[in-house]
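This report describes the fold of one protein and a few of its packing details. Please look over the chain before reading on.

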Amino acid sequence: MAQKKPSRAIKLFGTEAPDGKRRELRAGPISAVFDSGALRYIRYYGEEVLRGIAYLVRDKDWGTYAPAIDNLKIRQNKNSFAVAYHATCRDQHQAIHYSAKIDASDDGTLRFSAEATPLFDFLTNRTGFVVLHPLAGTVGRPVDVVHTDGKRERRKFPKFISPGQPIFEIRSLKHGPLPGVAVTVLMEGNKFEMEDHRNWMDASYKTYVCSLLDPWPYTLERGKSFSQSITLTVSGKPPKSRPRASAAATTVTLGGTKGRIPQIGVGVPMAEAAAALEAVDLIAAARPQALVCQIDGRERGQEEAAASFRDLSRQTGAPVTLEIILPAREPADKEMPAIASAVNAAGLTPTSVVVTQMHDLKSFQPNTPRPWGPTYEEMATAARASFPNAVLGGGMLSYFTELNRKPVPKGVFDFITHTGCPIVHAPDDISVMETLETLPWIFASARAMIGKVPYQIGPTGIPCRDNPYGAAVAPNPNNRRVCLSDKDPRQRGLFAAAWSLGYLSAAARAGVDAVALGSATGSQGMIYRKLPHTQPWFDGREARLFPIYHVVAGLAAASGARSIDTDSSAPSKLAALAHRDKAGNVLWLANLSGEIRRLKVQGFDGTARVDVLDERSFEAAVHDPAWLDSNSTFIRRVGSFELPSYGIVRIKSA
């Protein structure tokens with residue numbers, strides 16, 4: 001029987017599955033958060049020097065196992081701490097066991113070691129340690145490298161995102177994240193190399209065991225144990241004058257107008273075409289500025305899907321951007337006309353067309369051979385011949401990584417596109433919100449690559465659209481947080497609404513021209529419908545929407561409006577997006593954390609109407625598509641207030 005009232009967990013995350021317990025540990029000036037066997041937020045005198053150290057086990061499709069931890073022992077002393085545990089990673093085919101130890105002391109040293117033994121022959125893309133360097137104090141800064149052969153060199157952490165590994169054959173890395181502080185990371189037990197983790201929206205540089213230049217997946221032999229260790233040494237002391245984080249209210253200050261709000265649309269996957277048409281009244285009420293639809297040339301039912309896209313466009317008034325995937329079995333000028341014939345037979349006239357081919361849905365290391373497929377130029381020529389009146393887009397239907405590794409030649413397309421996914425490497429709540437920190441670098445790197453051509457973001461949500469790194473998306477039958485799954489329960493909760501507002505805020509700040517969010521319906525959607533997998537509380541209730549619907553509905557109408565510059569004193573915890581409408585200023589704020597946040601707004605003059613999307617308004621919001629404009633309160637002055645966990649507030653001049 002369905003719950004009569006949604007629990008707090010359902011409201012926030014769409015699932016009752018827990019996210020894991022964390023504990024902060026201290027050793028003199030060093031502190032770290034112990035989280036499911038890993039260390040996060042390693043700080044020195046309160047300043048972050050490493051984002052994390054973790055021992056990870058991955059399968060042949062880059063899926064990350066959740067370790068089953070037992071015999072956990074944590075000892076916190078006055079000036080040191082120690083952790084020891086056993087862990088097992090298994091699926092129906094294979095298993096591996098490892099023992100881990102962590103020791104930290106007040107002299108600025110921390111050692112994390114592990115010994116692993118495969119219980120069966122174990123097929124893996126990577127098993128062992130990864131070290132994450134945070135972006136703050138690191139981007140573009142020097143790093144001293146000791147290689148596995150003993151050679152030394154001075155390099156720099158890349159400023160713009162590197163498509164390939166910036167550093168190979170690593171034994172140790174030393175850098176200075178703060179004046180007067182030196183951080184050295186020694187990696188033993190195998191060779192390590194670095195990749196620019198920002199490619200995948202991770203807010204770090206990642207140094208990982210083994211090399212992607214070697215064959216993978218590889219097999220770890222049954223019963224053959226191996227050991228690895230990471231030793232962190234930190235010396236010096238940050239200057240006393242360095243500003244510290246404050247427990248006072250987060251301040252948001254409005255400035256002058258700067259740029260415009262992106263054109264905001266929604267995705268309509270081919271598999272969701274008919275379902276979206278059944279929900280056309282709700283889609284129309286959200287007023288998306290584009291429907292980013294898709295025709296996969298490998299699939300049947302192209303004309304039927306195109307007919308649904310046609311009707312959706314006519315009934316919502318939103319133009320269609322049509323993504324076309326070529327099967328890449330024949331030249332583009334042979335395959336494109338067949339797809340165009342199905343589209344034309346359905347009476348669909350797309351305003352824009354994005355063309356790609358099936359091999360570009362998968363990931364390839366830089367400078368490695370790719371399967372045969374039409375070039376960007378050949379696809380563009382074929383698309384222009386079949387859709388002469390459409391604006392033509394190119395790039396990737398996958399993530400920035402793939403665009404970065406296969407840049408689009410300039411002058412070929414009218415706009416460039418890619419999508420995003422925040423659950424490629426880590427699915428926990430903190431890591432997903434951290435992906436927003438990477439967006440300014442992704443947008444800046446893309447702009448440096450493509451020049452002044454218009455820049456659009458394709459359908460992006462928390463669930464992954466596709467898995468470029470393996471044979472298929474990861475299954476998620478139990479509504480958990482799973483990497484590279486197309487089903488993420490948080491899409492149904494306030495969490496996704498807050499994350500999406502953060503995404504739109506970063507896009508507006510970077511001058512991105514258009515952004516499409518997730519999907520209208522389905523597991524990546526904003527509108528509820530019955531699905532083969534369980535959707536706790538929503539199934540069996542009369543709820544029609546997910547909270548993200550109101551972010552789309554509220555901001556789609558502001559597409560193209562003059563953006564107002566905002567300054568947040570805690571941008572990683574509070575997203576802000578502001579624009580002008582006929583009545584005056586409109587300010588959106590999203591709490592990106594699981595804690596109540598005290599806010600202070602400066603620069604918003606006059607009376608205002610306020611709408612708060614949070615736990616208290618959740619039930620009303622998921623039932624009523626007009627909720628955002630029918631539950632306002634009025635205040636004479638915008639000043640200080642509190643915003644609950646993952647809550648959103650819209651403040652409009654009255």
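Is helix 11 (residues 548-556) largely enclosed by the rest of the structure or exposed, and how many of its residues are buried? In this predicted model, nine of the nine residues of helix 11 are buried, so the helix is largely enclosed by the rest of the structure. The buried residues of helix 11 are I548, Y549, H550, V551, V552, A553, G554, L555 and A556.

**Helix packing**

Two packed helices are described by the angle between their axes and the distance between the axes. The table gives these values for two pairs.

| Helix pair | Angle | Axis distance |
|---|---|---|
| Helix 10 (residues 494-510) and helix 11 | about 35° | 8 Å |
| Helix 5 (residues 332-345) and helix 6 (residues 376-386) | about 35° | 9 Å |

Helix 5 crosses helix 6 in a right-handed sense. On the helix 5 side, the contact is formed by A332, D333, M336, P337 and A340, and on the helix 6 side by E378, M379, A382, A383 and S386. Sorted by class, the contact of helix 5 with helix 6 comprises seven nonpolar, one polar and two charged residues.

Helix 10 packs against helix 11 at an angle of about 35°, with the axes 8 Å apart. Helix 10 contributes A496, A497, S500, L501 and L504 to this contact, while helix 11 contributes I548, V551 and L555. By class, the contact of helix 10 with helix 11 has seven nonpolar residues, one polar residue and no charged residues. I548, V551 and L555 are also among the buried residues of helix 11.

**The whole chain**

The protein contains 12 helices and 37 strands. Its radius of gyration is 25 Å, close to the 26 Å that the globule rule gives for 654 residues, so the protein is as compact as a globular protein of that length. The C-alpha trace spans about 70 × 65 × 55 Å along its principal axes.

Of the 654 residues in the protein, 59% are buried. Among contacts between residues at least 6 apart in sequence, 70% join residues at least 24 apart.

**A loop residue**

D605 lies in the loop between strand 33 (597-602) and strand 34 (608-613). Its relative accessibility is 65%, so D605 counts as exposed, the cut-off being over 50%. D605 and L254 are separated by 351 residues in sequence, and their C-alpha atoms are 10.0 Å apart in space.

Terms used:
Residues numbered from 1 in each chain as written. Predicted model: local features only at pLDDT ≥ 70, side-chain atom pairs only at ≥ 80, totals over all residues. Heavy atoms only, no water. Axes fitted to C-alpha atoms, helices over the stretch in contact; angles between N-to-C directions. Helix = DSSP H or I, 4+ residues; strand = E, 2+ residues; numbered from the N terminus. Left-handed = near helix turned anticlockwise from the far one by under 90°. Contact = heavy atoms within 4.5 Å. Nonpolar A, V, L, I, M, F, W, Y, C, P; charged D, E, K, R; others polar. Rg over C-alpha atoms; globule rule 2.2 N^0.38 Å. Buried < 20%, exposed > 50% of the residue type's maximum accessible area, 1.4 Å probe, protein only.
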